[in-house]
Amino acid sequence: MSDVNGVTPLLEMRGISKSFPGVRALDDVSLTVRAGEVHFLLGQNGAGKSTLMRVLCGAHQPEAGEIRLDGEAVRLHSPADARRLGVAVIFQEFSLVPYLDVAQNVFLGRETGRRCMHAEARRLLQTLGVDIDTTTLVHELGIAQQQVVEIAKALSQNARILVMDEPTAALSDHEIDRLFTRIRALKADGVAIIYISHRLQEIAAIADRVTVLRDGKNVANLENPVNLEHLVHLMVGRRVETTYRQRFCERPGGVMLDVRDLASDTGVASASLTVRAGEVVGLAGLVGAGRTELARAIFGADRVTSGSVTVNGRILAGQAGQAGWAGRGSPVAAVRAGMGLVPENRKTEGLALNRSVEDNIVLAGLRRLFPKGWYFARAAATVAHDIVARLRIATPSIARPARLLSGGNQQKVVIGKWFTAGSRFFIFDEPTRGIDVGAKAEIYGVIETLVSEGAAVLMISSELPEMVAVCDRAYVMRDKRIVGELGRAELSEANILRLAMHHE
């Protein structure tokens, strides 16, 4: 069947419905994609985007609806079926094998002679405008290079439909520009690209059309250009009046974090900073500047080699006066001192994905909730229900596995577990990465509530507008050193970049 332009679409998904226990994930959803276009798939976490793409790649079987390729109905019983028909998906978590080389990853499961594999892998990479040694092990590559390998892998399978899930989440501005150049080249070759991202500003740069999902249903199919404010309204179902904090700290309280000349075995050198009660202090810098490494050293997750960390007056690492060396820090000591870390990768470092929402929420606070060592299930459930209500975590039950929640709700569970631990100083590492605009507003609201109640926050973000709009002041890092501090009046994107990119 032809579309409104009289052209048979490359892909049609008609009336797709899919349910999971207690959840209607997709309800009569349709999606039409043309050859040689970038089709933005937009929606909040939990709107059904990932489920729809898993139906497309054969990982889920729909209960109703049909899929057509070039006008012909097809049945995708498995990912192998989808690959044979030219559908490739690059998920946010790459599917590469770290200790195989580039060529082996490109042709994984379809191996030929070693010489032929490397020659063809080099040719594919060259078509993407990159020169990567195909004998390099994948774990030695940066994120942007690994992404190119994933694209080459898709092209080696003669992919006609390429799904890209949050492809720019971990890329620098320069790497994003290069990715967009590759996407435009793929478009010119007739490849259809379904692009999933929460970065609305990317729509103007590369999108041809936009489909919006909300609560598992279609709510709009629009041609670009589009009004971004209207898109937000379509995604959320209401007007989002505020995105960032509304009030800043004019009179901070006592020092909650004091870091002096800190160095770690991950390369952090001579870092000094303070965070006071009531403040949100930023830790800014380009990708690779050492922000996460510094945060992990402060929390005790990475070994401190010199310097000191003091939280709420308690020395966690460094010299302890007459008592001598207090230790190199540890997460256990940090938590006991009232520190909580919301890590960059919530799935691998912040959650026990196969455990329930309740288990994850009470885990960090077990010692505080049950000081005598006796676990009371009813008390734990009461605490979990309170946190779910306080943070408005969308889950049908506290018994639901954390892995089944949307990204924004997973992030709230990570935050909630530190509430049960009684934390008063929080490190937020990329707290809004990979979550939608509605969930972002809620995370900012949580941060504002915390500091208004006398807590303190150290926040890492690669989103410069977020850093400027949320933080009371910020430290800027370069080459794993703190190279400057910006007060509220000086805090701007231009000043952050000036410090982050300056070379003596």
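This short talk covers a sheet, a hairpin, a helix pair and an aromatic pair in one structure.

The model is predicted: local features need pLDDT of at least 70, side-chain atom pairs count only at pLDDT 80 or more, and totals for chains, interfaces and linings use all residues. Residues are numbered from 1 along each chain as its sequence is written, and side-chain values use heavy atoms, with hydrogens and water left out.

I begin with the sheet. Four strands, 4 in number by DSSP, form an open sheet in the order 2-1-4-5 with antiparallel pairing. Strands here are DSSP runs of E with at least two residues, helices are runs of H or I with at least four, and both are numbered from the N terminus; two strands pair if DSSP finds at least two bridges between them. Strand 2 (23-33) and strand 5 (72-74) stand at the edges with a single partner strand each, so one side of each has no neighbour in the sheet. From one strand to the next, the twist averages 30°; angles run from 0 to 180 degrees between N-to-C directions, with axes fitted to C-alpha atoms, for helices over the stretch in contact. Strand 4 (residues 64-69) is joined to strand 5 by 3 bridges, and Leu 69 stands opposite Glu 72 in strand 5. Helix 1 (residues 49-56) packs on this sheet, touching strand 1 (11-20), strand 2 and strand 4, and its direction makes about 115° with that of strand 1. Contact means heavy atoms within 4.5 Å.

Next, the hairpin. Strand 11 (residues 255-264) and strand 12 (residues 271-276) run antiparallel and share 5 bridges, with Leu 262 opposite Ala 271. Between the two strands are 6 residues, and Gly 267 in the turn has a positive phi of about 105°.

I turn to the helices. The axes of helix 14 (residues 377-391) and helix 15 (residues 407-420) come within 10 Å and cross at roughly 125°. The two helices are therefore oblique to each other; under 35 degrees counts as roughly parallel, over 145 as roughly antiparallel, 65 to 115 as roughly perpendicular and the rest as oblique. Among the residues that meet are Val 383 and Ile 387 in helix 14, and Ile 415 and Phe 419 in helix 15.

Finally, the structure holds 6 aromatic pairs. Rings of Phe, Tyr and Trp (its six-membered ring) pair if their centres lie within 6.5 Å, and planes under 30 degrees apart count as stacked, over 60 as edge-to-face and the rest as tilted. Phe 299 and Trp 418 are edge-to-face, at 6.1 Å centre to centre and 75° between the planes.
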